[in-house]
Amino acid sequence: MECCRQLVVLVDVLLVLAFCGHIAWTVKASSQCKQALSREIRPHSVAITEFGAVGDGVTLNTKAFQNAIFYLNSFSDKGGAKLFVPAGRWLTGSFDLISHLTLWLDKDAVILGSNNPDDWPVVDPLPSYGRGVELPGGRHRSLIYGRNLTDVIITGDNGTIDGQGSVWWNWFQRKTLDYTRPHLVELMNSTGVVISNLTFLNSPFWTIHPVYCSHVIVQNVTILAPLDSPNTDGINPDSSNDVCIEDCYISTGDDLIAIKSGWDEYGISFARPSTNIIIRRLIGHNRNGSGIAIGSEMSGGVSEVYAENLYFFYSSTAITIKTARGRGGYVRNIYILNVTLVGVDTAIRFDSTFSPHPDDFYDPNALPVIERITIKDVIGNNIKVAGLLKGIEGDTFHHVCLLNIALTITSGSPWNCSHIQGYSAMVSPETCEPLKESIYPNHSSDCYHLSNHLRSSGNY
């Protein structure tokens with residue numbers, strides 16, 4: 001009898017693994033990270049000092065950056081060009097990049113964002129958001145900005161880009177802003193983007209924001225902001241595809257990485273998803289956000305996300321899916337594995353109550369589809385809560401898989417689940433009832449057929 005019992009358990013585990021393994025296979029087959037060519041040689045190069053820039057931390061160099069890039073634009077069809085920023089403290093307002101450009105910072109170079117809001121022009125809101133994220137109307141443009149670009153590299157020998165965001169945080173907290181705060185780096189409608197080997201400090205708002213972009217690589221960057229700084233997300237791929245984020249250290253006041261795709265009716269109408277996103281070897285912590293978050297603005301859809309080798313410590317939450325009634329869209333085919341947690345309040349959270357909406361015209365009946373979420377190989381010490389997994393009444397989150405998770409919990413209620421359906425195996429402490437469903441063929445035909453498909457196709 002004991003032998004039979006062990007065989008039943010083994011078959012149970014194998015079926016769960018078969019069901020939950022399909023996402024990794026899908027994502028790996030569809031998108032791969034490439035080595036960033038951050039040291040690619042451009043045939044033309046100039047230094048910012050050639051255009052009158054002064055690196056004393058006081059002189060405003062916006063015109064120097066603008067004039068240098070205007071000059072280098074003449075080489076965009078001749079192999080591109082490099083703008084070299086030498087050692088110094090280079091104060092500037094917002095400036096635009098161009099295609100086929102490398103912005104290179106020396107190891108002792110610091111680009112400083114101006115404290116004067118007039119040096120950050122106001123631009124139209126993103127069409128997938130319909131308004132500024134924080135306030136109706138426009139938004140301040142990012143410090144380093146570009147749109148409709150191809151082949152853009154922002155790199156160096158670990159130079160620094162410092163947004164000097166404390167003035168913006170104060171204005172935000174005092175409610176004296178007229179427009180939404182600027183990001184530190186934003187690229188729109190661009191392809192072939194590489195950001196690598198740099199340190200980013202004190203962004204006024206989100207730090208790195210590729211939106212409507214494709215083929216984006218972010219490698220070997222450090223992103224820092226005070227743990228109490230508001231909304232200083234690290235890297236936010238937004239309605240973008242084929243994004244690779246590798247070997248980053250992030251410590252900020254909010255989400256380390258947040259994958260987004262538009263807000264309510266505007267995101268649904270714009271209909272550009274974030275898809276094929278790979279995250280590897282991420283280390284970091286925060287006080288108010290998550291290690292990896294999806295949403296809450298996910299109305300254009302998020303799918304095919306593969307994240308592995310993650311280490312989050314002394315943080316609020318490790319992994320979060322944020323959504324709400326009215327968001328619409330979907331989150332599906334998410335695969336997260338090899339996660340180490342230390343001193344995290346909540347390991348896994350599905351929050352369906354993120355209720356801020358852009359206006360009163362959203363459709364409250366637009367419900368998000370959340371399905372095929374796999375989290376595997378997680379270990380954690382000094383964790384307060386294993387999981388707060390809350391779907392939406394009438395909109396159950398389906399096919400949630402938890403595999404090989406071992407957490408040392410400090411609270412008396414490790415799991416709290418509602419409107420969730422899924423499967424689990426080798427999870428400690430034991431998961432909540434909705435994740436204990438039998439995965440045998442007569443109880444879960446989807447799981448059975450999928451596992452057979454993967455085995456017969458040779459992909460599992």
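This is a predicted model: local features need pLDDT of at least 70, side-chain atom pairs count only at pLDDT 80 or more; totals for chains, interfaces and linings use all residues.
Student: Leaving aside its neighbours within four places in sequence, which residues is Leu-83 in contact with?

Tutor: To read contacts, pick one residue and list its partners from elsewhere in the chain. For Leu-83, apart from neighbours within four places, these are Val-46, Ala-47, Ile-48, Phe-65, Ala-68, Ile-69, Leu-72, Leu-101, Thr-102, Leu-103 and Trp-104. Leu-83 itself sits in strand β3, which covers residues 81-85.

Student: How far apart are Leu-83 and Ala-68, in sequence and in space?

Tutor: They are 15 residues apart along the sequence, and their C-alpha atoms are 7.5 Å apart in space.

Student: Is Leu-83 buried or exposed?

Tutor: Here we use relative accessibility, and a residue under 20% counts as buried. Leu-83 has 0%, so it is buried.

Student: Can we try another residue? Where is Ser-239?

Tutor: Ser-239 is in a loop, the one between β16 (214-224) and β17 (241-252). Its relative accessibility is 0%, so Ser-239 also counts as buried. Beyond its neighbours within four places in sequence, Ser-239 has contacts with Tyr-212, Cys-213, Lys-260, Ser-261, Gly-262, Arg-272, Pro-273 and Ser-274.

Student: Now let me step back. How many helices and strands does the protein chain have?

Tutor: There are six helices and 29 strands. The chain has 460 residues, and 58% of them count as buried.

Student: What share of the contacts with a separation of 6 or more comes from residues 24 or more positions apart?

Tutor: That share is 77%.

Student: Next, disulfides. Which cysteines form one?

Tutor: First the general idea: a disulfide is a covalent bond that joins the sulfur atoms of two cysteines. In this model the count is one disulfide. Cys-417 and Cys-432 form it, with their sulfur atoms 1.9 Å apart.

Student: Which parts of the chain does the pair tie together?

Tutor: Cys-417 belongs to strand β28 (residues 415-418), while Cys-432 is in the loop between β29 (420-428) and α6 (445-457), so the pair ties together parts that are 15 residues apart in sequence.

Student: Why is the disulfide of Cys-417 and Cys-432 left-handed?

Tutor: Look at the torsion about the S-S bond: it is about -75°, so the disulfide is left-handed. Both partners count as buried, Cys-417 at 18% relative accessibility and Cys-432 at 12%.

Student: What about pockets? What is the volume of the largest pocket?

Tutor: Its volume is about 590 Å³. To read a pocket, we also ask which residues line it. The largest pocket has 28 lining residues, and those nearest its centre are Asn-231, Asp-254, Ser-296, Lys-322 and Phe-354. By class, the lining splits into eight nonpolar, ten polar and ten charged residues.

Student: Which strand gives the most to the lining of the largest pocket?

Tutor: That is β22, with three residues. Both β22 (317-322) and β24 (346-351) supply at least two lining residues each.

Student: And how many cavities of 30 Å³ or more are there?

Tutor: The count is three. The largest cavity has a volume of about 100 Å³. Of its 16 lining residues, Leu-126, Val-133, Arg-139, Thr-180 and His-183 lie nearest the centre. The lining of this largest cavity has seven nonpolar, five polar and four charged residues.

Student: Which residues line the second largest cavity?

Tutor: Ile-292, Ile-294, Ile-319, Thr-320, Ile-321, Ile-334, Ile-336, Phe-350, Ile-373 and Ile-375 do. By class, nine are nonpolar, one is polar and none is charged. The space inside comes to about 40 Å³. Strand β22 makes the largest share of this lining, with three residues.

Methods. Residues are numbered from 1 along each chain as its sequence is written. Side-chain values use heavy atoms; hydrogens and water are left out. A disulfide is a pair of cysteine sulfur atoms within 2.5 Å. Helices (H or I, at least four residues) and strands (E, at least two) are DSSP runs, numbered from the N terminus. Buried means under 20% relative accessible area, exposed over 50%, partly exposed in between (1.4 Å probe, protein chains only). On a 1 Å grid over the protein atoms alone, a cavity is a set of points where a 1.4 Å probe fits but cannot get out, and a pocket is an open set with protein on both sides within 12 Å along at least five of seven lines; lining residues have an atom within 4 Å of a point. Grid points are joined across faces, edges and corners, and a volume is the space filled by probe spheres set on the points. Ala, Val, Leu, Ile, Met, Phe, Trp, Tyr, Cys and Pro count as nonpolar, Asp, Glu, Lys and Arg as charged, and the others, Gly among them, as polar. Contact means heavy atoms within 4.5 Å.
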